[in-house]
Amino acid sequence: MLGIEYPIIQGGMAWVAEYNLVAAVSEAGGLGLIGAGGAPAEFVREQIRKVKERTEKPFGVNLMLMNPEADAIARVIVEEGVKVVTTGAGNPGKYLSAWKEAGVKVIPVVASVAMARMMERAGAHAVVAEGTESGGHIGSATTMTLVPQVVDAVNIPVIAAGGIADGRGLAAAMMLGAEAVQLGTRFIVARESIVHENYKRKVIDARDIDSEVTGMSHGHPVRQLRNQMTREYLKQEKAGAPFEELEQLTLGALRKAVVEGDVVNGTLMAGQIAGLVHKEQTCEEMIREIMEQAEHLLGK
Ligand code: TUI
């Protein structure tokens with residue numbers, strides 16, 4: 001459906017998934033996704049053009065639906081002839097018909113069976129079922145429970161995400177009925193990833209229980225590695241701080257971590273599988289290793 005060699009999709013991580021990483025993943029035979037995050041539409045257009053200069057292979061865009069320029073980005077995706085779009089943090093229903101008319105493959109990220117069903121009815125080509133093990137904005141169901149329930153509920157292909165970083169995860173996801181996997185955390189530390197060295201080091205050094213979920217009280221849970229920022233956030237959240245105040249605390253904090261390498265006051269979004277990510281490698285090495293391990297486990 002996507003014209004890719006291997007069933008490995010790179011998560012559309014805000015700030016992290018820019019053209020260098022995206023082109024590297026697609027060149028290696030996976031599907032790179034530009035993470036539009038909170039970026040302006042014209043920035044996303046430039047990113048798309050830069051990926052096209054670097055690879056002829058398929059790639060896509062992830063539209064984070066809370067982006068105030070979401071409508072404009074949805075149009076840029078059509079104008080620039082992007083072949084695949086994934087969406088996150090909301091319901092992309094209002095964009096579906098325009099994308100489908102333009103021949104874009106539409107793959108919403110969902111965190112529940114109800115949303116998966118709704119997306120299938122609306123005409124989505126596939127869904128990413130994302131478990132709570134993931135980094136960033138999360139739902140509450142685990143990958144182990146969500147994926148088979150979504151597989152049973154819909155007739156379109158299901159891509160598993162959350163807690164997957166190696167061939168064992170890929171093989172397990174296939175056993176649950178998924179057709180492909182989406183990885184974020186492992187690609188943060190890719191050689192081609194522009195993420196600051198300090199952030200990469202934090203992911204590489206992280207243990208299994210080093211992530212924390214902030215924002216549970218106001219309905220926007222976000223998983224990230226524990227640091228001064230999460231301690232301060234959780235302290236204020238526990239004391240009943242209003243949403244707006246907590247928002248102030250995290251404003252620009254992801255950029256601070258990715259670009260400036262501020263691992264003290266920055267937001268280090270990463271999934272629970274960070275404890276399994278041990279070294280920087282090229283995307284090609286990562287994908288080859290994952291495929292070899294999964295093929296061995298699945299007996300080809
Ligand atoms: O979207 C994500 N992960 C993200 S978005 C993001 S940007 C951000 N930055 C700072 C603070 C907060 C967010 C970082 N990580 N994953 C896909 C995903 N989508 N997970 C859960 C959902 C989801 C949630 C609710 C999808 C649909 C949904 O529907 C609600 C509705 O509208 O009915």
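The legends below describe close-up views of a predicted model. Local features need pLDDT of at least 70 and side-chain atom pairs count only at pLDDT 80 or more, whereas totals for chains, interfaces and linings use all residues. Residues are numbered from 1 along each chain as its sequence is written, and side-chain values use heavy atoms, with hydrogens and water left out.

**View 1. The shell of residues around the ligand.** The ligand is surrounded by 14 residues (a heavy atom within 4 Å), and the closest are A89, V109, M115, E130 and H137. This shell divides into 8 nonpolar, 5 polar and 1 charged residues, where Asp, Glu, Lys and Arg count as charged.

View 2. Polar contacts are pairs of N or O atoms within 3.5 Å. A polar backbone atom of A89 lies 3.0 Å from a nitrogen atom of the ligand, and a polar backbone atom of H137 is 2.9 Å from a nitrogen atom of the ligand. From E130, a polar side-chain atom is 3.1 Å from a nitrogen atom of the ligand. Taken alone, the ligand exposes 720 Å² (Shrake-Rupley method, 1.4 Å probe), of which the protein buries 68%.

**View 3. Helix 7 and helix 13.** The axes (lines fitted to C-alpha atoms over the stretch in contact) of helix 7, residues 167-175, and helix 13, residues 283-298, come within 7 Å and cross at roughly 50°.

**View 4. Helix 2 and helix 3.** Helix 2, residues 41-54, packs against helix 3, residues 70-79, at an angle of about 25°, with their axes 9 Å apart. Helix 2 and helix 3 are therefore roughly parallel to each other.

Key:
A polar contact is a pair of N or O atoms within 3.5 Å; within protein, one must be able to donate a hydrogen and the other to accept it, and residues adjacent in sequence count only if both atoms are side-chain atoms. Axes are lines fitted to C-alpha atoms, for helices over the stretch in contact, and angles run from 0 to 180 degrees between N-to-C directions. Helices (H or I, at least four residues) and strands (E, at least two) are DSSP runs, numbered from the N terminus. Angles under 35 degrees count as roughly parallel, over 145 as roughly antiparallel, 65 to 115 as roughly perpendicular and the rest as oblique.
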